[in-house]
Amino acid sequence: MGSLARPNPYHPYDCCSSVVGLRHKDGGEGIDQGWYDGGSIFFAVFIVIVVTAFSDYRQSLQFQNLNEEKRNIHLEVIRGGRRIKVSIFDLVVGDVVPLKIGDLVPADGIVITAHSLAMDESSMTGESKVVHKDQKAPFLMAGCKVADGYGNMLVTAVGMNTEWGILMASISEDNGEETPLQVRLNGLATFIGIVGLTVAGIVLVVLFVRYFTGNTKDPDGTVQFVKGQTSTKAAVNGAIKLFTVAVTIVVVAVPEGLPLAVTLTLAYSMRKMMTDKALVRRLSACETMGSATTICSDKTGTLTLNEMTIVEAYIGKKKIDPPDNAELVSASVLSRLIDGISQNTRGSVFHPKDGVIELSGSPTEKAILSWGVKLGMNFDDARSKSSIIHVFPFNSEKKRAGVAIQLSDSEVHVHWKGAAEVMVASCISWLDTDGKQQPMAPDKINEFYKCIEDMAAVSLRCMAFAYRPLDLKEIPNEEHRGDWSLPEDHLILLAIVGMKDPCRSGVREAVALCTRAGVKVRMVTGDNLRTAKAIALECGILKDVDAPEPILIEGKTFRTKSNAEQDEISEKITVMGRSSPNDKLLLVQALRRRGHVVAVTGDGTNDAPALHEADIGLAMGIQGTEVAKESSDIIILDDDFASVVKVVRWGRSVYANIQKFIQFQLTVNVAALVINVVAAFSSGEVPLNTVQLLWVNLIMDTLGALALATEPPTDHLMDRTPVGRREPLITNIMWRNLMVQAFYQITVLLVLNFAGKSILHLKHETREHADKAKNTFIFNTFVLCQIFNEFNARKVDELNVFSGVLKNHLFIGIVGLTTILQVMIVEFLGQFTKTVRLNWKLWLVSIAIAIISWPLAVLGKLIPVPSTPFAEYFSRCSFWRKKQDDGAAQESSNAPS
């Protein structure tokens, strides 16, 4: 991400002003006083450069810190037999690291244990082929991805000593990134600059024509240029003076602060989003999130706490109450169940000498292991009684995980666990509580399904355990075992359990806030549709208990439909149950084809395509795999849906802050440009000189950007609809506000320019002092108008512009600093800015004129504006004009000759 590339606000025009100022004054006044004007310009430009460079440097440091945070991966290691979480920066040689599908290998190492472990080494070798790892091929390289299976590795090299570290040391990473909003703002700044340059060119030509034809006069009526009489030196000085006027107009017109504003607001937002548990990986996501129209959210861990406990259990047709009452189950059934629980898991149980048993693994595995311990399972003892032959890691397509184990008596059992209804459909028999095998008759299947539906209806996540005995002769030898698929049918059902995963507190309010903001929340989960429905009703995602299809739909139903049918029903889908990652991808594609800006949450490796396809991919920071995080734009550090909603607020805030600054800056641009152009055309003099306008530029650009680009988000942002992809940067509301303020400033200041001497009672003063006093009053009033208008820019579409202003200490500080500096410039720095001191009455009049902008802003906001952007009206007019011209041309061509 790094420091954002953007144009330097120090323009060649400013350099021209400085050089021209020095040359002109030196020629006209001598070195003692002639340097004031050019020196002032140079100092003003120097201040702008220093402030902007310091701001850039600070943003660069912030982006570096965010990059460090992004690279700070937390992972599990085994130390002293206990699994603990450490930062990747704290990994040391000799650590044992458990690996599972979706992980990035954090260091170089060798395999200790491997179960169907396969690596994607394309990042190192360039070969996309998946490489299987075991004791025969044990070497692992940092940066590679676990494509399948799981196992443990021993760390042999870390950091820059790994193969990946050596490779990265020779590569210089380019972190420059320009977001779409920056591109649009650069385009806008360039367009305004071209307009300003064009106007300045026209003014220069007009002034030159007036000057060299003898129509430009001094205040006392003396003609400045008389052909054949005026010396060459005087003519050159006069021409340079006019050229300075043109350069001044350019200085006013070029909005150098636009790129700085977007840099500031992005950096500020990214830093604040970190405190709201969101780590931004791609800058453009900050902006895009403000345009999101729908969020496809996972259920487990995002809408729920991901703290699972088994609260219901059925063994045979009998409900075990409480679920950990081992006395209700025969020893043979319990033995089979404990075999499946202890061996068919990636988790572990640690028994400290004194203290509570520690469980590790996913929340689902921890819930199952906890249940097993309560049933009397000794984890280490149970695992030592059998050995693992082959593993089938959990697969989100098949909704199950399996393991083949060899018991001490040479008997082989294949144990499966997975989605309850999927497992029941694969069973041909079941064990009752006494350990007797019973056939799976149709009525019995319906009984089991009824148990599953009853548990799902109360938002329990249902899982079943089954096994199948095999003869040792059916097992392939070790060489061919890697390609062996564990048998998935003819299973014997052991148990069905229901796990409770409560909704997160505040998730209902977060969903309601999204709905109010025009963002539709959809739940896409691999769980049973009835479980998903119950949680959706609890979260407020689903309103109707009897919602029909396709509002409630299963993944397999959606995936069988054609693209046209998927597009049609995608708008209506609210809950998708039993969905695979590919179903989520299909839904994202369908919604995007319908014009939606889609945000997707995901945590698994298989979610990577959907995260990549979505406009904004949101990976989970706790449960998310490294592959999912790499495919995402933003990482939700606490896995909470409420944090996703905060990201939406920040996304809208970025766009709103940029619009506030654009409105503020263009008001200054338009007012200053019109005042100087009109004055230059009428008298050849400008009331606002170059030094004064450079100070105004400093207010507009650096200080204005700091004040307005760092406004925190408000709840009002969530009362708006999402920002459209094609929505203009300058809305009709902004045009209205801008024109009201600019018209007021232009009117007042032009009246002061042409009639200021009589209005301010300066006719009795000397001509030189009267002109300076009038121009100083115009400059002071103009600056104070911008300071007061800065408050108006805070709330583009709200009447109360002071709401929350005292909470924004930076804004208050910048307004205070600007005011103090303005007083110092007028009262103490007149030699440099060509101003004179104003008495307290003129200060009060300046403040009174400026403060009128507040009630004027309120009145302006009562003026209704059309919802259709003004740009569309112009395009329609040009379209109709073109159509009429084409019609006329057609008629003339058809007319008889």
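Reader: Where is P322 found, and what makes the elements around P322 a strand and a helix?

Author: P322 is found in the loop between β11 (318–320) and α9 (331–343). Helices (H or I, at least four residues) and strands (E, at least two) are DSSP runs, numbered from the N terminus. The model is a predicted one, in which local features need pLDDT of at least 70 and side-chain atom pairs count only at pLDDT 80 or more, while totals for chains, interfaces and linings use all residues. Residues are numbered from 1 along each chain as its sequence is written, and side-chain values use heavy atoms, with hydrogens and water left out.

Reader: What is the omega of the peptide bond from D321 to P322?

Author: Omega is near 0 degrees, and the bond from D321 to P322 is cis. Another cis peptide bond joins E549 and P550, with omega about 10 degrees; P550 is found in the loop between α15 (529–539) and β22 (552–554). Most peptide bonds are trans.

Reader: Why is K277 called partly exposed, and why is H761 called exposed?

Author: Buried means under 20% relative accessible area, exposed over 50%, and partly exposed in between (1.4 Å probe, protein chains only). K277 has a relative accessible area of 41%, so K277 is partly exposed. The value for H761 is 65%, and therefore H761 is exposed. K277 lies in the loop between α7 (257–275) and β8 (278–280), and H761 in the loop between α23 and α24 (767–794). Neither location settles the backbone angle: phi of K277 is positive, near 65 degrees, in a residue other than glycine, and H761, not a glycine either, has a positive phi of about 60 degrees. Most residues other than glycine have a negative phi.

Reader: How do you know that α23 bends, and where does α23 bend?

Author: The bend at a residue is the angle between axes fitted to the seven residues ending there and the seven starting there. For helix α23 (residues 732–759) that angle is about 65 degrees at N753.

Reader: Why is Q665 called buried?

Author: Q665, in helix α21, has a relative accessible area of 1%, and so Q665 is buried. Q665 and L738 are 73 residues apart in sequence and 9.3 Å apart in space, C-alpha to C-alpha.

Reader: What makes a set of residues a nonpolar core, and which members of the largest one touch the most others?

Author: A nonpolar core is a set of buried Ala, Val, Leu, Ile, Met, Phe, Trp, Tyr and Cys residues joined through side-chain atoms within 4.5 Å. Of the 119 residues in the largest such core, I616, I634, F641 and I662 touch the most other members. Helix α21 (residues 641–683) gives the most to this core, with 17 residues. Apart from it lies another core of 29 residues, including W371 and F379.

Reader: What makes β8 and β22 edge strands?

Author: Two strands pair if DSSP finds at least two bridges between them. The open sheet of 8 strands has the order β8-β26-β25-β24-β9-β21-β23-β22, with mixed pairing. β8 and β22 each pair on one side only, and are the edge strands.

Reader: How do you know that β24 and β25 pair, and how many bridges join them?

Author: Strand β24 (residues 598–602) and strand β25 (residues 616–620) run parallel and are joined by 4 bridges, which meets the requirement of at least two. In β25, G617 is the bridge partner of V600.
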